[in-house]
Amino acid sequence: MTVAPEAAMRLAVEQADSVKGATYPNPPVGAVILDRDGQIAGVGATQPAGGPHAEVMALRQAGPRAAGGTAVVTLEPCNHHGRTPPCVDALLDAGVAAVIYAVADPNPVAAGGSSRLAEAGVKVTAGVSADAVTRGPLREWLHKQRTGLPHVTWKYATSVDGRSAAADGSSQWITSPAARSDVHRIRAAADAIVVGTGTVFADDPALTARLADGTLAERQPLRVVVGERDVSSDAKVLNDDSRTMIIRTHDPHEVLRSLSDRTDILLEGGPTLAGAFLRAGVIDRIVAYVAPILLGGPITAVDDVGVPNIAHAQRWQFDGIDPIGPDVRLSLVPAAPGRDD
C-alpha cells in the first residue's frame, strides 16, 4: 500500500520518540524509507552516541529497495563527519531520489545536507510536519541548540483545587496509576530529575524510572538534589538504582550551570523549589497532572512566584490537553509576548 509523506513522517516521529533520552548528545531522530512504489521499505532511529544515525538504520533495513525511493526524516540529514560519516553520503550511496524532512538542522557544523542533496539531483522537500517534530521529539534538543541551556520541564501532580498534598501532608496518591505510569515514561526520557532537599526529607523518593511491572527501566536519569542540608546516607535517592548529584545551592541559575552538559531536565521539586525556578524564569514547559479530587488545605503546588498582583501574572498557553486515565495532563509553554488570554 502506498504511504503518504505525512503518514511516513508520523512513523518517523514515533521512531524518534522511542529513543528520546538515549541518543545524547545527538538528537533523537527518526527516519522512514519508502521504495519507488511508495511502500515502506525501512524504518530507523538514531542509536546511542557513536552508533548509526536514523537514516543509516532505515537504509540498512531497506537494502536495495531504497534506490529510487524517498527518505522521510524528522531532521535535515547531517552533512559533517563526527563519530560517524555524514548521513548525506549514505543517502546518496543508496540512490534515493527524494528526501523529505521536517526541521532544518540549526547546528552550523552539521547543516547543509539539503543543499548538497539538491546539488546531487535529489528532490528535497522541507518543513513537512515541522510543528509535530518541534513540539515532540526534538523540543528539548532544539531548545539547547537555540539557547545553549538545558530545557527545563516542571512536572507536578495536583488536585483540581491546586493542592499537591492533603492538609496532613499525605500525597500518595493524588493521581491514578495511569498518570503515574506516564510520569515514569517521561522520566525515562529525561537526562536529569531535580528535587530539593525538602522533598527528599518529606517523601524519601527514589526518583527512578520504572516499567509497568515495577522493575527499573533500562535507562535511568541522573538524580539531582538541590539544597544546603545534608541528605541521610539511607535516603532512597542515594541508592544504587541510578547516579545522584548533590548541588549545594538554592540558586536555579547555578543548578543549570552545573547541569549545562544536559539537554532535558525534569523539575520535580516541591512548591518552594518550583517557585524559585519560576521566579528565575528558567522553566520552559509545565506538565501538570490534574486529578478530579478536592483536598483543600494549605499545601499548594507552588509557593511565591514573584507576582504582586494580577497585572503581573505569569502568562502561559496550553500546548496540549490529554486525558490520562481519570486524570488530565496539561502541557503549557510561556505565552507569546502581548498575549493576555
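**View 1. Strand 4, helix 4 and strand 5 form a right-handed β-α-β unit.** Right-handed here means that, with the strands pointing away from the viewer, the path from the first strand over the helix to the second runs clockwise. Helices (H or I, at least four residues) and strands (E, at least two) are DSSP runs numbered from the N terminus. The model is predicted, so local features need pLDDT of at least 70 and side-chain atom pairs count only at pLDDT 80 or more, while totals for chains, interfaces and linings use all residues. Residues are numbered from 1 along each chain as its sequence is written, and side-chain values use heavy atoms, with hydrogens and water left out.

**View 2. Strand 4 (residues 98-103) and strand 5 (residues 123-126) run parallel, joined by 4 bridges.** Pairing of two strands requires that DSSP finds at least two bridges between them. I100 has T125 of strand 5 as its bridge partner.

**View 3. The largest nonpolar core holds 35 residues.** Such a core is a set of buried (under 20% relative accessible area, 1.4 Å probe, protein chains only) Ala, Val, Leu, Ile, Met, Phe, Trp, Tyr and Cys residues joined through side-chain atoms within 4.5 Å. M9, V32, I33, V72, L91 and V99 touch the most other members. Among the elements that give two or more residues to this core are helix 1 (5-18), strand 3 (70-75) and strand 4.

**View 4. W154 and Y156 form a stacked aromatic pair.** The ring centres lie 4.3 Å apart, with 25° between the planes; rings pair if their centres lie within 6.5 Å, and planes under 30 degrees apart count as stacked. Both W154 and Y156 are buried.

Terms used:
Buried < 20%, exposed > 50% of the residue type's maximum accessible area, 1.4 Å probe, protein only. Phe/Tyr/Trp six-rings, centres within 6.5 Å; stacked < 30°, edge-to-face > 60°.
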